[in-house]
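Colleague: Please show me how the features of such a model should be read, one at a time.

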Amino acid sequence: MKVATGPGNVKVREIAEPSPGPGEALIEVGAAGICGTDLHIFHDEFKTAPPVVLGHEVAGTVVAVGEGVDDAVVGSKVTTETYYSTCGVCRYCRSGHINLCHARRSIGSAVNGGFTRYLKVPAKNLHVLPATVGVRAGALTEPLACVAHALLDRPVIRPGDVVAVAGPGAIGLLATQVARAAGATVVVLGTAVDAPRLELARQLGASHTVVVGEEDPGALLRDITPEGLGADVVIECSGAGPAAAQLLTLARRRGHYLQVGLFGKPVSWDLDQVCYRELLVSGSNASTPESWLRALELLASGEVDTEAIISGTYPLAGWRDAFADFEAKRGVKLLLVPGGN
Ligand SMILES: [Zn+2]
Ligand SMILES: [Zn+2]
C-alpha cells in the first residue's frame, strides 16, 4: 500500500479484513494486474489518498455481500469496475461518462484496491467472468475496457482501415487486437528492445511490425494503403514524445490521430500538420460502463486474448521484484496473486 505521499512509500502492511457494507461485495482477490499507473503512484506522479492499497485491475471470487445485495453472486468468479464512487448528478455521470466525473474516487488510488487478499467494492460494479475466461485473464478486463473505450465508444475504426499502433506494451497489444476485431489491418511500431513484444503483436493479429530506427514505417504504410496515402488511423500507446511526433506524420490526410498513452509531461508536436492535413485528433481517459460490457464480449467471443499478454505472476511479498521487472520492461503484463500461484 501507499503509506504516505512522496516518492516510494509503498510497503506491505497488515490491514483489517474489510466487511462489506450495504450494497457492497467482498472479493477474495485471485489476481491483480500491475499497471503503469501503479508505477506512477510509486514515484508519486499520480494523486492518491494514502494510506491506500494499490491495484485496480482485479479479478477473484465473491466471498460475502452486504445488506441489499442478492447473495446468489457469492462464489462467482468476477471482475470489478474501478469507480468506487462518483457524484451521480453531474453532466458526465448522467450521460454515462462517469470516467470524467470530477468527484470520481477509484479503487487503487482514492480507496483501497486489489493488491491485497480481500477487496470491498460496490456490488453494482461486479461483472461475472465469461465461463471461458479465467481469473488471471479476467483481471485484465480493466485495461481492455480502457482500450474499448478509446477505440469503440466513439467509433474510431471502420472495417478495411489501415491502423498504425505505436508502443507494443499491454495497451498497444490490446489495441492491436481490438482494431483487428473491428476489421482493420494493423501495423505495430516499436523499438529494437521491443523485439519480443513485436513478435507477440504478430501472433495477436498485427499484419506487419516495424522496428523504428531500423525500418521506415512511412514506406511500409505507403506500400499497403490505397494510393499510398498512409494510415487511416494512428494510435499512440507508448507515451513517448518522439513516437507521437512520428505517428502524426504517418496518418493520411483527413486521418485520425488517437492518443491513449500518457507522457507524464508536455511533449512537442508539429500541430500545423493537424491543419494542413485536416487530421482529427482525440484522446481517451480510463473506461466507461459501456466499454466494460464491450470488453467482456470481446473476451467471451475470444476475439481478444488477455492471457497471451501475461508474462509473469508474483506473490504479494514479491511486489518489489514485480515493480522492478515491470519498470525495466521485462515481460508485458505482470500480475500479483495474493493467494499464491
Ligand atoms: Zn490500469
Ligand atoms: Zn459526476
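This is a predicted model: local features need pLDDT of at least 70, side-chain atom pairs count only at pLDDT 80 or more; totals for chains, interfaces and linings use all residues.

Colleague: Where is G6 placed, and is G6 buried or exposed?

Modeller: G6 belongs to the segment before β1 (24-33); helices (H or I, at least four residues) and strands (E, at least two) are DSSP runs, numbered from the N terminus. With 14% relative accessibility, G6 is buried; the term means under 20% relative accessible area, exposed means over 50% and partly exposed in between (1.4 Å probe, protein chains only). The C-alpha atoms of G6 and I41 are 9.1 Å apart, although 35 residues separate the two in sequence.

Colleague: How many aromatic pairs does the structure hold?

Modeller: Rings of Phe, Tyr and Trp (its six-membered ring) pair if their centres lie within 6.5 Å, with planes under 30 degrees apart stacked, over 60 edge-to-face and the rest tilted. The structure holds five such pairs. F42 and F323 form an edge-to-face pair because their ring centres are 6.1 Å apart and their planes stand at 65°. This pair links distant parts of the chain, 281 residues apart: F42 lies in helix α1 (residues 36-42) and F323 in helix α11 (residues 319-327). F323 is buried at 5% relative accessible area, and ring pairs join F42, F115, W319 and F323 into a cluster.

Colleague: Which residues touch the most other members of the largest nonpolar core?

Modeller: In general, nonpolar side chains tend to be buried together in soluble globular proteins. A nonpolar core is a set of buried Ala, Val, Leu, Ile, Met, Phe, Trp, Tyr and Cys residues joined through side-chain atoms within 4.5 Å. Here the largest core has 48 residues, and L144, L151, I157, V163, I235 and I309 touch the most other members. Helix α5 makes the greatest contribution to this core, six residues. Setting aside neighbours within four places in sequence, the contacts of I235 include L151, I157, V163 and L247. A second, separate core of 32 residues includes V29, V58, V69 and Y84.

Colleague: What is the strand order of the open sheet?

Modeller: Strands of a sheet pair through backbone hydrogen bonds, either parallel or antiparallel; two strands count as paired if DSSP finds at least two bridges between them. The order of this six-stranded open sheet is β10-β9-β8-β11-β12-β13, with parallel pairing. Its edge strands, β10 (208-211) and β13 (280-283), each pair on one side only. Between β8 and β11 there are four bridges in the parallel sense, and A164 stands opposite V234 in β11.

Colleague: Finally, which residues coordinate the zinc ion (ligand 1)?

Modeller: Donors are N, O and S atoms within 2.8 Å of the metal (3.2 Å for Na, K and Ca); water is not among the atoms, so sites may look incomplete. C35 (SG), H56 (NE2) and E57 (OE) coordinate the zinc ion at 2.1 to 2.4 Å, and their spacing along the chain is C-x20-H-E.

Colleague: Why does H56 count as buried?

Modeller: H56 counts as buried because its relative accessibility is 10%. E57 is also buried, at 1% relative accessible area.

Terms used. Residues are numbered from 1 along each chain as its sequence is written. Chains are lettered from A and ligands numbered from 1 in the order in which they are written. Side-chain values use heavy atoms; hydrogens and water are left out. Contact means heavy atoms within 4.5 Å.
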